[in-house]
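Reader: I have a structure to look at. Where should I start?

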Amino acid sequence: MAVELLDCMGNDLTITNMARQSFGRRKGELSDADIGLLNSLASPPSGVPHGAPWEHVVFQFKVWTSIRVAREWMRHRIGSFSEISTRYAEMKAGVMETPRPRAQHGKPMQYTFEEITGPLGETMVEIFEDSLAMSLGAYHRLLEMGASKEWAAYVLPLATITEFSWTVNFRSLSNFMALRTHETALAEFRKEAMAVETLVMTKVPHAMDAWNNAGRPSL
Ligand SMILES: Cc1cc2nc3c(=O)[nH]c(=O)nc-3n(C[C@H](O)[C@H](O)[C@H](O)COP(=O)(O)OP(=O)(O)OC[C@H]3O[C@@H](n4cnc5c(N)ncnc54)[C@H](O)[C@@H]3O)c2cc1C
């Protein structure tokens, strides 16, 4: 599972320049005033964040992750996805590394998860990995026997690694990061979202600080 930043259009200054557009003004270099403006945009006195300027910074990521996580990722509609095709390409990347088994406690909307350790945990890992190996083996056998990739793909498990490109603006990304790095998010997705956030931080560090200082609001 991996996330790579393919491309990025814009930076901290892009956001403040888009906000200054209201006054027909534009600056060439980031200053303390811009950092102040970023904080005001994320947390204005009115209490209503000014979100549109953040849309002008656009990121493009390449992601390798399980079909399970990809399915949840693509629920984020404000962005564009292109995914490897199970018709044209053989799913060669295999399956995700087995996460530690966990039990679920509590009730809907308030679940907590606890790692299952000891012999029971090891037995669960064994069952999990045997099942994946059997499904993957079936996929490759079917292909060898002459089945089309798109037909054989039906036997692939949710743990199969898929790959996709994702183009998304910073406003939508802030919503994604708030939801998917949260402790309630699916643990495997949370790791990927944190990797995304680390990459975003390299391109818009001051905007990220402003957004974090404001409490990671919906922009
Ligand atoms: C912990 C967790 C559990 C989840 N469990 C489930 C589940 O059990 N089942 C399930 O189906 N989904 C589930 N989801 C997915 C969730 O419902 C969202 O689909 C997903 O998080 C994308 O969020 P979003 O709609 O805010 O993002 P985007 O689709 O990127 O949208 C961004 C924003 O644009 C606006 N927007 C987008 N489309 C519309 C629209 N059609 N109408 C009005 N406004 C719109 C909204 O303000 C939205 O917040 C879960 C998500 C999380 C984080």
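Author: Start with the surface. This is a predicted model, where local features need pLDDT of at least 70, side-chain atom pairs count only at pLDDT 80 or more, and totals for chains, interfaces and linings use all residues. Residues are numbered from 1 along each chain as its sequence is written, and side-chain values use heavy atoms, with hydrogens and water left out.

Reader: What percentage of the residues of the chain count as buried?

Author: Buried means under 20% relative accessible area, exposed over 50%, partly exposed in between (1.4 Å probe, protein chains only). The chain has 219 residues. The buried share is 36%.

Reader: Is Ser 174 buried or exposed?

Author: Ser 174 sits in helix α6, residues 170–180. Helices (H or I, at least four residues) and strands (E, at least two) are DSSP runs, numbered from the N terminus. Because its relative accessibility is 1%, Ser 174 counts as buried.

Reader: Which residues does Ser 174 touch?

Author: A contact means heavy atoms within 4.5 Å. Leave out residues up to four places away in sequence. Ser 174 then touches Trp 211 and Leu 219.

Reader: How many helices and strands does the chain have?

Author: Read along the sequence, the pattern is β-α-α-β-α-β-β-β-α-α-β-α-α-α. The secondary structure comes to 8 helices and 6 strands.
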